[in-house]
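This text leads a new reader through a single protein chain. Please keep the sequence and the model in view while reading.

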Amino acid sequence: MKVDGRLPNLTDGDFRFIRELMVASSGILMADHKRTLVAGRLMPRLRALGLASYAEYVERLNSPAHSQERRLLVDLLTTNETSFFREPAHFEMLGRWVRQRNQCLRLWSAAGSSGQEAFSIAMTLAEHSPYPGWSIIASDISQRVMTQARRAVYPMSQAAQFPPGWLERYCLRGIDASEGLFRMTEPIRERVEFCEINLIQPLPQRLGSFDVIFLRNVLIYFDAQRKRLILGQVLDRLRQGGLLFISHAENVQGLALPLRAVQPSIFERL
Ligand SMILES: C[S@@+](CC[C@H](N)C(=O)[O-])C[C@H]1O[C@@H](n2cnc3c(N)ncnc32)[C@H](O)[C@@H]1O
């Protein structure tokens, strides 16, 4: 959209407002160099709303009548990159760990984006758990990715990292209009319950406690204080002897948490 032949400009003040709103609603810190990215991601929304400037968009975000727009902002500005069997060593470890446990297990993919992490966990359990009673909660702050996760439909190219034979065992290949897509099978889908959870807010009581928690590639977005608070409340939901998986790119050093390192980026709850 052009105004007098020029693209709208995201001013310092508008960027500051959006940044503060993001920190307040999601805890996500957006550095100065993210300004072009923010402007680019919001441009289609301005266009859809027929707004001529970011200032008008900020006005809308500011109005109490537009709380849904503030939710949408989080959807637009979160980075939801993920993939099946991302950091494969985690799933190898999970497979070995569950094989030794003939018991009911509850697992949580926290900030799991569009479901690939939760379904990778589900396939690993289906393959390795000697006990049939296991279930997974998959959560994220973004409504958009939760909708994708519930559909459980992905492009065939995303199956490239599957262990041999698992695509055939745990997925249905799309035909006709769905050619080039696959969907997780019903027995896998019904093991996963989806819900929106904002990790910077108190966790819902009904969430319960878990034997395994995946909290990967999300801690990087928070400052040290928030990171400590999030880890504190997440670990309150991890049973003693349970496992916490973070990303190889993250660390929990110096936070004095009740954890024992088992492998790089994998910890046991003390
Ligand atoms: C980069 S993805 C990581 C997905 C997956 N865990 C993985 O490692 O592949 C980060 C996810 O964190 C979510 N997120 C960001 N802030 C959050 C918050 N405050 N509460 C819950 N989820 C959040 C984003 O919506 C995004 O889907």
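Seven strands make up an open sheet of mixed pairing, arranged in the order S6-S2-S1-S7-S8-S10-S9. At its edges stand strand S6 (192-196) and strand S9 (259-263), each of which pairs on one side only. On average, neighbouring strands of this sheet are turned by 20 degrees against each other, direction ignored. The model is a predicted one, in which local features need pLDDT of at least 70 and side-chain atom pairs count only at pLDDT 80 or more, while totals for chains, interfaces and linings use all residues. Residues are numbered from 1 along each chain as its sequence is written.

Helices (H or I, at least four residues) and strands (E, at least two) are DSSP runs numbered from the N terminus. Two strands are said to pair if DSSP finds at least two bridges between them. Axes are lines fitted to C-alpha atoms, for helices over the stretch in contact, and angles run from 0 to 180 degrees between N-to-C directions. Strands of a sheet pair through backbone hydrogen bonds, either parallel or antiparallel.

S2 and S6 pair in the parallel sense over five bridges, and Ile136 stands opposite Val192 in S6. Helix H6 packs on this sheet, where it touches S1, S2, S6 and S7, and its direction makes about 170 degrees with that of S2. Touching is judged by contact: two residues are in contact if their C-beta atoms, placed from the backbone, lie within 7 Å.

Strand S1 (residues 105-109) and strand S2 (residues 134-140) run parallel and are joined by five bridges. Within this pair, Ser109 has Ala138 in S2 as its bridge partner. From S1 the chain crosses through helix H6 (residues 116-128) to S2, a β-α-β crossover that is right-handed. A crossover is right-handed if, with the strands pointing away from the viewer, the path from the first strand over the helix to the second runs clockwise.

S1 also runs parallel to strand S7 (residues 210-214), to which three bridges join it; here Leu107 stands opposite Val212. Val212 has a bridge partner in S8 as well, namely Leu243. S7 and strand S8 (residues 238-245) run parallel and are joined by four bridges. The chain passes from S7 through helix H10 (residues 224-235) to S8, and this β-α-β crossover is right-handed. S8 pairs with strand S10 (residues 266-269) in the antiparallel sense over three bridges, with Phe245 facing its bridge partner Ile266 in S10.

The loop between S7 and H10 holds Asp223. Is this residue, Asp223, buried or exposed? Asp223 counts as exposed because it has 10 C-beta neighbours inside 10 Å. The cut-offs are as follows: a residue is buried if 20 or more other C-beta atoms lie within 10 Å of its own, exposed if 12 or fewer, and partly exposed in between, with C-beta atoms placed from the backbone. Asp223 and Glu268 are 45 residues apart along the chain, and their C-alpha atoms are separated by 24 Å.

A further open sheet consists of three strands in the order S3-S5-S4, with antiparallel pairing. Strand S3 (153-155) and strand S4 (171-173) stand at its edges with a single partner strand each, so one side of each has no neighbour in the sheet. Neighbouring strands of this sheet are turned by 30 degrees against each other on average, direction ignored. S3 and strand S5 (residues 181-184) pair in the antiparallel sense over three bridges, and Val153 stands opposite Arg183 in S5.

Two packed helices are described by the angle between their axes and the distance between the axes. The axes of helix H1 (residues 12-26) and helix H4 (residues 67-77) come within 10 Å and cross at roughly 95 degrees. H1 and H4 are therefore roughly perpendicular to each other, a description that covers angles of 65 to 115 degrees; angles under 35 count as roughly parallel, over 145 as roughly antiparallel, and the rest as oblique. Leu21, Met22, Ser25 and Ser26 of H1 make the contact with Arg70, Leu73, Val74 and Leu77 of H4.

Finally, the chain as a whole contains ten helices and ten strands. Of its 270 residues, 33% count as buried.
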